[in-house]
Amino acid sequence: MTSDLSQARPVADALAGFDFAKLIASAAKLRPDRPALGDSALPGGLNLTFAQMESAVAHCAALWRDLAMPEDARVLIVAGARVAPVIATLGALRAGFDVVLAPSHLLAAELVAIAETTGAIALCGEVADGGIEIADIIFSAAASSAKIRYVAMLTDAPIDGAVAIDVKALANRPTDTSMPMVARKGAILTLTPDGDVNSHSQHALMAATVDFIAEARIGMRQPVVSTLSIASLAGFIAGPLAGFMSGAQAFLHGPFDSGTFRELLSATRQANVVIPGAVAQALIDAGYTDGPEIGALIALTRCEENEHKENVSGPPLQIASKNSLSLIDLFAFGEQTLVTKRRPGETSPLIMPSTERPSIKPISFAPLDSRRSSAI
């Protein structure tokens with residue numbers, strides 16, 4: 001199935017000749033040393049400038065091409081809210097391959113079924129995502145499927161039976177300007193909870209991101225913090241794409257950890273925080289929105305594909321009247337369409353940073369067992 005992101009979006013036609021590789025290369029040329037994409041603000045996480053992101057994507061594309069896969073091959077990438085899978089995805093697209101994104105909570109049998117359905121012949125992911133040992137699941141899936149012929153792991157340590165993709169090392173490797181860009185523009189495929197497959201062209205995703213940036217009023221000076229997995233249409237657009245298309249620094253935070261999330265917000269000001277609508281009130285009640293760290297709360301609500309877009313509304317939220325937080329609803333209609341709406345009367349005031357630290361209560365998202373059945 002092909003997504004309808006480009007329908008009713010005239011800007012998509014203007015972007016038809018562009019792709020992510022050109023976009024990232026241009027951003028790296030304009031602002032090479034500006035922070036672009038990070039797992040967190042803490043030591044040990046991947047934090048890339050635009051130049052480093054361009055280098056990592058280019059070298060990752062070379063690694064994909066070195067596998068000598070067919071030109072129209074599809075790569076299945078297991079991803080959470082992390083930077084390394086973003087680079088692996090962009091690298092595969094730059095190499096001309098299609099990318100199938102799957103959430104990190106799936107079991108080996110489910111990955112096998114996805115590979116069989118989509119025709120993916122390569123499987124890639126991180127060693128672990130929170131408490132989920134992804135490496136074991138990936139190797140189990142590869143051993144169970146006649147379709148999967150290549151395995152890649154996003155790690156800095158060699159792993160028998162897999163190609164190691166060390167994103168941090170690739171980001172700091174000099175880029176050869178002669179490194180070729182293939183003519184084929186790979187597509188991104190995302191999956192619905194029911195297993196339906198939706199294919200999105202790069203220019204359609206870019207057009208949807210332009211719309212999201214405009215409606216949410218995301219600017220270069222306000223970081224984007226997303227807790228959504230990039231394996232969904234909403235997570236990919238409202239996280240990494242919103243960041244490097246607006247010029248804003250983007251952070252991907254997942255699995256959710258209360259302490260790390262608080263420290264991440266402390267390192268940012270006026271951040272646009274993208275969260276599931278189901279936990280928006282919990283975030284407000286815990287005190288995260290009392291200080292100046294969050295400028296806008298962007299709450300994602302998932303809707304049925306056939307719902308009327310003009311009638312949908314986000315969850316009711318109770319917030320102190322003195323709080324000038326901007327509330328924005330992001331609606332995902334299946335894996336085909338995104339709609340962004342600002343709540344009536346909301347503005348985007350600039351709040352001067354406070355020296356006082358608000359009292360924040362502990363909060364957590366779903367426990368590990370439930371993540372298997374309904375990932376964020």
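I take buried to mean under 20% relative accessible area, exposed over 50%, and partly exposed in between, with a 1.4 Å probe and protein chains only. With that in hand, I looked up the protein chain and found that 57% of its 376 residues count as buried.

**Ground rules**

I am working on a predicted model, where local features need pLDDT of at least 70, side-chain atom pairs count only at pLDDT 80 or more, and totals for chains, interfaces and linings use all residues. I number residues from 1 along each chain as its sequence is written, and my side-chain values use heavy atoms, with hydrogens and water left out.

**Confidence**

pLDDT is the predictor's confidence in each residue, from 0 to 100. I noted a mean of 86 for the protein chain, with 85% of its residues at 70 or more. Over residues 346–359 the pLDDT is below 50, and this stretch has 29 contacts in the model beyond near neighbours in sequence; a contact means heavy atoms within 4.5 Å. Residues 364–376 also stay under 50, with 26 contacts beyond four places in sequence. A note to myself: where pLDDT is low, the predicted coordinates should not be read in detail.

**Overall fold**

I counted 12 helices and 15 strands in the protein chain; these are DSSP runs numbered from the N terminus, helices being H or I of at least four residues and strands E of at least two. Among contacts between residues at least 6 apart in sequence, 75% join residues at least 24 apart.

Two strands pair if DSSP finds at least two bridges between them. By that rule 7 strands form an open, mixed sheet in the order β7-β6-β5-β3-β4-β8-β9. β7 (163–164) and β9 (197–200) stand at the edges with a single partner strand each, so one side of each has no neighbour in the sheet. I then checked β8 (residues 188–191), which pairs with β9 in the antiparallel sense over 4 bridges. There, isoleucine 188 has histidine 200 of β9 as its bridge partner.

**Strand β14**

How many of the residues of strand β14 are buried? I found 8 of the 8 residues of β14 (residues 326–333) buried, so the strand is largely enclosed by the rest of the structure. Both faces are covered, with Ser326, Ile328, Leu330 and Ala332 on one side and Leu327, Asp329, Phe331 and Phe333 on the other.

Next I looked at the partners of β14. Strand β13 (residues 294–303) runs parallel to β14 and is joined to it by 8 bridges, with alanine 296 opposite serine 326. Strand β15 (residues 337–342) pairs with β14 in the antiparallel sense over 6 bridges, and lysine 341 in β15 is the bridge partner of aspartate 329. The β14 and β15 hairpin has 3 residues between the strands, and its glycine 334 takes a positive phi near 60°.

**Two helix residues**

Alanine 28 sits in helix α2 (residues 20–30) and is buried at 11% relative accessible area. Not counting residues up to four places away in sequence, alanine 28 touches Phe50, Ala51 and Glu54. Alanine 28 and serine 55 are 27 residues apart in sequence and 9.1 Å apart in space, C-alpha to C-alpha.

Glutamine 281 belongs to helix α11 (residues 280–285). At 19% relative accessibility, glutamine 281 counts as buried, and beyond four places in sequence it touches Pro316, Leu317 and Gln318.
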